[in-house]
Amino acid sequence: MQSPASAQNLATGNSTSRRAWRRFRRSKLAFVGLVVVALMAILALAAPLVAQQDPLKNDLLNRSKPPSAEHIFGTDRTGRDVFSRTIYGGRISLLVGLVAVTLSVSIGTVLGLVSGFYGGLVDNIVMRLTDVIMAFPPIIIIMAAVPIVANLLPSEATIYGIMAVIGLLTWPQLARLIRGQTLVLHGAEYVIAAQGLGASKARQMFVHILPQTLASLLVFATFGIASAILLEAGLSFLGQGVQPPTPSWGNMVETARSLDILENLPWTWAAPGMAIVITVISINFIGDALRDAVDPKSK
Amino acid sequence: MVQYILRRVLINIPVLIGITLAVFLLISLAPGDPLSAYISPELGRDPATIAALRTKFGFDQPLPVRYLNWLAQALQGNLGYRIKTYDPVWAVILQRIPATLMLMVTALGIGIVVGVPLGIFSALRKYTLPDMVLTGGVFLGISTPAFLVGLGSLFVFSLGLRLFPAGGMHTLGRDESVIDTIHHLALPALILSANYIASMLRYTRASMLDVIGEQYVITARAKGLPERMVILKHALSNALIPIVTVIGFSIPNLLAGAVFTETIFAWPGMGSLFVDGVNSRDFPLMMGVTLVTATAVLFFNLLTDIAYALINPKVRYA
């Protein structure tokens, strides 16, 4: 069975999604963003090939060296290669972004659909739950939850705990968005028709309504990855995220909280800092173009 | 209007209960014996006394009863006692609130004073070079985490140019003066506002562009009003309506930003207190700050809703 959206695609050849895709392709910033993000992903995947030096190995003869031909981003206090650490740190950052967002998108979508579809008490409970979670500033509730979750997990699994906490606490915006659209689509003629043909509730929700919400879901997921990366970096910067010696962009920047390193070894924190900004800004470029492309107001 | 306010207050009550439930749940999951931290240290700290007090305060009861006991304590201002120093958490937080408010209000002020005019300018010069530069700046502003802006500015302005002190609220060993405090406040407040200027600019620009195409703006022009009047009086006053909500929903972000800026600049507010609490695994303190910030956010949301209804009658009667 084809979803209504794709059936419509085939029939008209000039569907909403195609027009959106054309608008998206017009955006030069989005193109730049896509190229940069792809590059970052490749670097992260191929880390052992790109970064020849061991990111964890101390080299006491080459401590605190500024960038040179051998160490293009220099070395840190204990002689570790900053370039290697930045590349390996990217692995963690991107992974946290992807896993956390997958989790929050799944929860947000299901709860949003159910809430909008069933209405009444279910809707009320889910919406009050979103109100409660959204009242906590993200970094504060995550910082409060991570030590508790970490305490329940073995230390090498802390990073998965962090992904789970970020995912579990960032879904409410999406749930609200999907709920709003479901409320409208619930009464749409094609959904009523499907109901009349005997489609189960789950089928109506996931096969008939869900495809129509994919656009806003995609936009949310894109911005969500950016903010999950920022959250992990912030968490690690405050010493609660990825624990050294494992490199992450956040905990590499954290070393610069010592004024001595901030002043005298700027390359050790500027490299991961730039990596965060470049990655996040590229993802935001993509998200912005996506949003403009699927926004019915922009023709 | 009174009815509207009452309705908003009532809607927020279950949310407030939810917030306390969430915080209590976290406390219950915390390692060790977190509820003991709610027993006044003056009553004694030896295990036997604590065991007796636990029974007396009902901490050995089932979870729902424990929640109600805890809530009753919290409502009386007992947020527990700090793990090592035994200072009452609520008193410690209360002491830190003014510094955080000072930082946030200054940052909010800078954000509005800089962001709104730039947003109007950007909208009026849509797709020109200055607009594109500002839009680029907005992307940079929302994509750069507060801690990087903080470290970068510390590097350039405090260590490099030596324009601002590198931390604290007052110069040590000197009498407290307003000028000295402003000097210490300037850099953290500017950094905290960076993100905020970007989002104010972005929303003002979008809101202005929405309004500028409206019929009544065209009518105002057709009447022969000078362009200044059209923009500042007719367009702007309507464009500003959605901006009020932006102020409201930025409060959680400002609080989060304060956590970083206060930590970097050793600013003695709630944010740095919270980080201290997390680092020393001082759960009563962490949970106290979490509860207070969430309640504050809820309160500011309520204020925003009311302010929005005051300036936009359409909402009141909906």
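This is a predicted model: local features need pLDDT of at least 70, side-chain atom pairs count only at pLDDT 80 or more; totals for chains, interfaces and linings use all residues.
Residues are numbered from 1 along each chain as its sequence is written, and chains are lettered from A and ligands numbered from 1 in the order in which they are written.

**Chain B overall**

I looked up the secondary structure and found 13 helices and zero strands in chain B, where helices (H or I, at least four residues) and strands (E, at least two) are DSSP runs numbered from the N terminus. The C-alpha trace of chain B spans about 85 × 55 × 35 Å along its principal axes. Of its 318 residues, 39% count as buried; for that label 20 or more other C-beta atoms must lie within 10 Å of a residue's own, whereas 12 or fewer make it exposed and values in between partly exposed, with C-beta atoms placed from the backbone.

**Helix H4 of chain B**

I then followed H4(B), residues 89-124, whose 36 residues reach 50 Å from first C-alpha to last, close to the 52 Å expected at 1.5 Å a residue; the expected span is 1.5 Å times one less than the number of residues. Where is the kink in H4(B)? I found it at Arg96(B), shortly before the proline Pro98(B), with a value of about 30°, the bend being the angle between axes fitted to the seven residues ending at a position and the seven starting there.

**Backbone entries**

I kept in mind that most residues other than glycine have a negative phi, and most peptide bonds are trans. Tyr127(B), in the loop between H4 and H5 of chain B, has a positive phi of about 65° although it is not a glycine; Tyr127(B) is exposed, because 8 other C-beta atoms lie within 10 Å. Ala266(B), in the loop between H10 and H11 of chain B, likewise is not a glycine and has a positive phi of about 50°, and Ala266(B) counts as partly exposed because it has 14 C-beta neighbours inside 10 Å.

**Where the chains meet**

I turned to the contact between the chains, which takes 40 residues from chain B and 37 residues from chain A. On the chain B side, the helices that each supply at least two residues include H1 (2-29), H10 (251-264) and H12 (283-311). By class, this side of chain B has 32 nonpolar, seven polar and one charged residues, with Ala, Val, Leu, Ile, Met, Phe, Trp, Tyr, Cys and Pro counted as nonpolar, Asp, Glu, Lys and Arg as charged, and the others, Gly among them, as polar. Ile140(A) touches Leu255(B), Ala256(B), Val259(B), Phe274(B), Thr290(B) and Thr293(B), not counting residues up to four places away in sequence.

Note on methods:
Two residues are in contact if their C-beta atoms, placed from the backbone, lie within 7 Å.
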